[in-house]
Structures are given as C-alpha cells and as structure tokens.
Amino acid sequence: MGGEPAIEGVAGRSLRGHQTVTLGLLFLAGVVNFLDRSSLSIANTTVRAEMHLNATEMGWLLSAFSLAYGVAQLPLIGLLDRAGTRAVLGGGLVLWSAAQMLTGFVRGYGMFVVLRVLLGVGEAPFYPSGVRSTREWFSARTRARATAVMSSSQTIGLAVAPPILTWIMLKMGWRAMFVVLGAAGLAVAAAWIGFHRARRDTEFREPTSLQDPSFREEGAWRALIRQRTVWGMMLGWGGINYTVWLYLAWLPGYLQEQRHLSLARTGVVAAVPFLAGALGMWSSGAISDWLAHRGEALTTVHRRNIVCGMVVSALSTFLVARSATTAEAVAGISGAIFCIHFAGTSGWGYVQAVSPLRYVASLGALQNFASFMIASAAPVVTGWLLDRTHSFTLALGVCSAVALLGAVSYATLAAPGGMHLEE
C-alpha cells in the first residue's frame with residue numbers, strides 16, 4: 001500500500017506487505033501442521049498391521065498427540081505475550097518437525113507414544129500464535145477472511161494429505177513419509193523465524209470495553225477462568241474438536257474397514273470431505289466479513305454461525321451412521337466437515353471479538369486446552385467401540401451427540417454478556 005508509513009520492527013516493509021508475509025507463512029505452517037497431524041491416520045491400517053496393534057491401541061496412539069496438544073496449551077497462556085509469536089511458533093515448528101522425522105525410525109510402541117507426545121507439544125502454539133498474529137495485523141473488517149485463510153490451511157492440508165501421503169507410502173513406505181514431512185516442517189520453521197516480525201506500532205491497538213484496569217492487572221489465567229463466557233467457549237469448542245478429531249483420526253480407517261476401499265482408492269476419496277471443509281471455512285470468513293460491513297456485531301455473527309454450523313454438522317454425522325452406500329456416506333461426511341469448519345472458523349473469530357488484544361492468545365490457548373481434553377476421547381472411544389462392535393455406527397452417534405451438546409454450550413453459557421469481571 002503506497003503511502004503507508006513504515007512499521008517499527010518490520011524493516012520498512014509496508015503494512016500490506018507484512019500482512020501478506022504473515023498470512024502466507026501461517027498458511028504454510030498450517031498445511032505442514034495438518035499434514036503431520038494426519039500422517040498417522042493415513043498410515044493407520046499399515047502401521048497397525050506392521051506393529052501388530054488393535055484398534056484400541058491405535059486409538060491411544062492417536063490420542064497421545066491430542067492429549068499432549070491440549071495440555072501444552074496451558075503454558076502458552078501469557079507466554080506469547082512475553083516471548084512473542086516469532087519465537088514461540090518457530091520453536092514449536094522445530095520441535096514438532098524433529099519429532100515427525102524421528103517417527104520414521106521408531107521400532108517400539110513406547111517410543112512411538114513419546115514421539116506423538118512431542119509432536120503434540122510442538123504443534124500446540126500454531127493456532128494461538130496465528131490468532132494473535134491476525135489480530136495484530138488485520139482490522140476488524142478484514143480479520144474474518146484472514147482467519148479463514150489461516151484456518152483453511154487445516155482442511156487444505158487434510159485434503160491433499162490422503163492422495164500425497166498415500167502415494168509416498170506406496171512408493172517409499174510409511175517410515176519415509178514421516179521423514180519427508182519432518183524435513184518440510186524444518187524448512188517452514190526457518191522461513192517463519194527469518195521473515196516474521198511482530199507489529200509494534202501503537203495504531204493497531206483497538207479500544208474495547210473489556211479492557212478494564214482490573215482485568216489488565218490480573219494474571220491471564222485467573223482473569224479468564226472467572227468468565228462464564230470462557231467456560232461456554234471451552235465446552236462448546238470441545239464439541240467442534242471432537243468432530244474434527246474423529247474424522248481426522250479415523251476417516252481413512254472408516255473408508256477401508258467399513259466401506260472396504262483399497263488404500264489407493266481411500267487416498268482419493270478421503271480428500272473430498274476435507275475440500276468441503278476448506279469451502280466451509282472460506283464461506284464462514286466471507287459471510288462474517290460481509291455482515292460486519294453491514295454493521296452487525298461480530299459477537300452476534302460469529303456465535304450464530306457457530307451454533308447453526310454445529311447443529312447441522314451433528315445431523316450430517318447422524319446420517320453418515322445410517323448411510324447405505326459409500327456415496328451417501330461420503331456426502332454425509334462432507335456435509336459434517338463443511339459445517340463443523342464453518343462453525344470452527346467463527347469459533348476463532350469469536351475469540352477475537354470478545355477478547356482484548358492482550359488476552360486473545362491466552363483465551364485461544366485456554367479454549368484449545370479444554371476442548372482437546374474432550375476431543376482426545378474421540379480416537380480412543382472410536383477404537384474401543386470398533387474393537388467391540390466391528391462397526392463405526394455407535395461411534396458416529398456419540399460424535400453427533402457431543403456436537404449437539406457443544407452447540408447448546410455456545411447458545412447458553414458462551415453469550416458475550418457473561419464476559420465481565422468480578423469486583
């Protein structure tokens with residue numbers, strides 16, 4: 001943007017230029033993040049066969065990541081304000097990429113679990129860092145689309161993962177797949193550390209009625225945990241992440257075991273629902289920005305998107321469990337993932353709308369922590385039910401119920417009126 005002043009700490013780069021750099025790097029980091037996160041799901045049946053694991057053991061292996069990811073959100077509360085997104089996300093990229101590379105050499109179940117834990121710890125800073133960065137660099141009227149672009153890296157990564165990672169597995173084996181992904185992550189880490197800078201000018205600090213002096217002086221944890229709205233967001237986000245994590249962890253296994261598709265065919269078919277998820281994210285961002293331009297309050301826009309998206313996603317998942325054909329099942333899964341990511345994009349927008357800048361990253365981390373304590377049950381519960389029923393029907397019904405409960409939490413507890421401070 002010609003005529004815009006240089007920004008302190010950005011070496012004279014224009015505001016528009018650094019918006020592009022920041023969003024581009026976040027998108028790349030997100031794609032790598034979700035390629036790494038989905039790699040074990042793609043290799044599910046192959047790893048189970050080679051390491052002689054049952055579905056419950058695979059469920060615990062998948063949940064080791066999500067539990068570690070959730071718990072690792074807690075140290076991020078306040079850390080991003082002190083250390084900055086460049087250092088925190090850069091360090092996380094290095095850690096998770098190294099863990100991913102080492103997974104290619106694992107021989108025992110115990111070490112596999114340890115490396116999945118390290119992967120979860122390393123990936124934990126991505127969303128809180130991304131939310132803080134987009135809040136810093138984008139105005140209220142453009143932030144929803146920026147958040148949607150960042151978040152769409154998730155479904156783009158998940159969409160390209162099945163065909164690309166399946167091809168690598170078929171050509172080089174599942175171990176080489178982990179090594180290649182880890183190397184790609186280290187390259188993105190170098191780019192983030194080398195080019196990203198925090199915005200340090202004062203013009204971007206937006207006034208907000210929630211920036212009460214007593215709120216600023218308290219620790220982030222104590223201030224946030226007292227808010228009824230925060231509890232509603234933590235529980236509601238659990239319904240979103242339970243659905244996301246069930247499909248992320250078990251969609252390839254579902255297509256192979258329930259629908260009897262080959263590994264190569266699964267790599268193609270599994271991409272369709274995640275492309276629908278990307279469309280859901282972009283739709284959410286575009287609609288939210290359009291309504292913001294029309295003068296609607298962002299808290300109202302995002303909360304409405306969340307509740308409607310979660311309800312329709314729950315209904316779609318319910319229909320998947322009763323699908324007679326593979327085409328019906330894939331259509332239902334696509335609808336469920338479209339709607340849950342439509343809701344999820346507004347979920348991050350709601351964090352930005354109800355929180356002052358200083359607490360955006362901390363609120364995002366706290367929300368993620370609570371939600372992953374709920375979502376981590378998805379891989380284990382699904383695997384346990386699969387071992388006992390030899391079907392995904394009951395597991396899908398559980399997922400539908402959890403999503404509906406999450407929608408109720410957003411509709412009641414998470415109202416913005418519950419975001420106030422005690423005397």
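## A histidine in a loop

His390 sits in the loop that links helix H18 (377-389) to helix H19 (393-411); helices here are DSSP runs of H or I with at least four residues, strands are runs of E with at least two, and both are numbered from the N terminus. His390 has a positive phi of about 55° although it is not a glycine. With a relative accessible area of 66%, His390 is exposed (exposed means over 50% relative accessible area, buried under 20%, and partly exposed in between, with a 1.4 Å probe and protein chains only).

His260 is found in the loop between helix H12 (228-257) and helix H13 (263-269). Phi of His260 is near 60°, a positive value in a residue other than glycine, and His260 is exposed at a relative accessible area of 65%.

## The model as a whole

What you are looking at is a predicted model, where local features need pLDDT of at least 70 and side-chain atom pairs count only at pLDDT 80 or more, while totals for chains, interfaces and linings use all residues. Residues are numbered from 1 along each chain as its sequence is written, and side-chain values use heavy atoms, with hydrogens and water left out.

The protein has 19 helices and zero strands. Of its 423 residues, 59% count as buried. Contact means heavy atoms within 4.5 Å. Among the contacts with a separation of 6 or more, 85% are between residues 24 or more positions apart.

Two packed helices are described by the angle between their axes and the distance between the axes. The axes are lines fitted to C-alpha atoms, for helices over the stretch in contact, and the angles run from 0 to 180 degrees between N-to-C directions.

Helix H3 (residues 55-71) and helix H6 (residues 109-123) have axes that come within 6 Å and cross at roughly 30°. That makes H3 roughly parallel to H6 (angles under 35 degrees count as roughly parallel, over 145 as roughly antiparallel, 65 to 115 as roughly perpendicular and the rest as oblique). By class, the contact of H3 with H6 has 13 nonpolar, one polar and three charged residues. Here Ala, Val, Leu, Ile, Met, Phe, Trp, Tyr, Cys and Pro count as nonpolar, Asp, Glu, Lys and Arg as charged, and the others, Gly among them, as polar.

## Helices H7 and H16

Helix H7 (residues 126-137) packs against H16 at an angle of about 55°, and their axes are 11 Å apart. That makes H7 oblique to H16. The crossing of H7 and H16 is right-handed. H7 brings Tyr127, Val131, Thr134 and Arg135 to the contact, and H16 brings Trp348, Val351 and Gln352. These residues divide into four nonpolar, two polar and one charged.

Ala327 also belongs to helix H16 (residues 326-354). Ala327 is exposed, with a relative accessible area of 60%. From C-alpha to C-alpha, Ala327 and Val269 are 9.8 Å apart in space, although 58 residues apart in sequence.

## A buried glutamine and an exposed arginine

Gln367 is part of helix H17 (residues 357-375) and counts as buried, at 0% relative accessibility. Leaving out residues up to four places away in sequence, Gln367 touches Met233, Met234, Trp237, Gly347, Trp348, Val351 and Tyr410.

Arg107, by contrast, is exposed, with a relative accessible area of 66%. Its place is in the loop between helix H5 (85-103) and H6. Apart from neighbours within four places in sequence, Arg107 is in contact with Met51 and Arg175. Arg107 and Met51 are 56 residues apart in sequence and 8.5 Å apart in space, C-alpha to C-alpha.

## Cysteines without a bond

How many disulfides does the structure hold? It holds zero disulfides, a disulfide being a pair of cysteine sulfur atoms within 2.5 Å. The sulfur of Cys339 is 9.8 Å from the closest cysteine sulfur, in Cys308, which is too far for a bond. Cys308 is partly exposed, with a relative accessible area of 45%, whereas Cys339 is buried, at 11%.

Notes. A crossing is left-handed if the near helix is turned anticlockwise from the far one by less than a right angle, and right-handed if clockwise.
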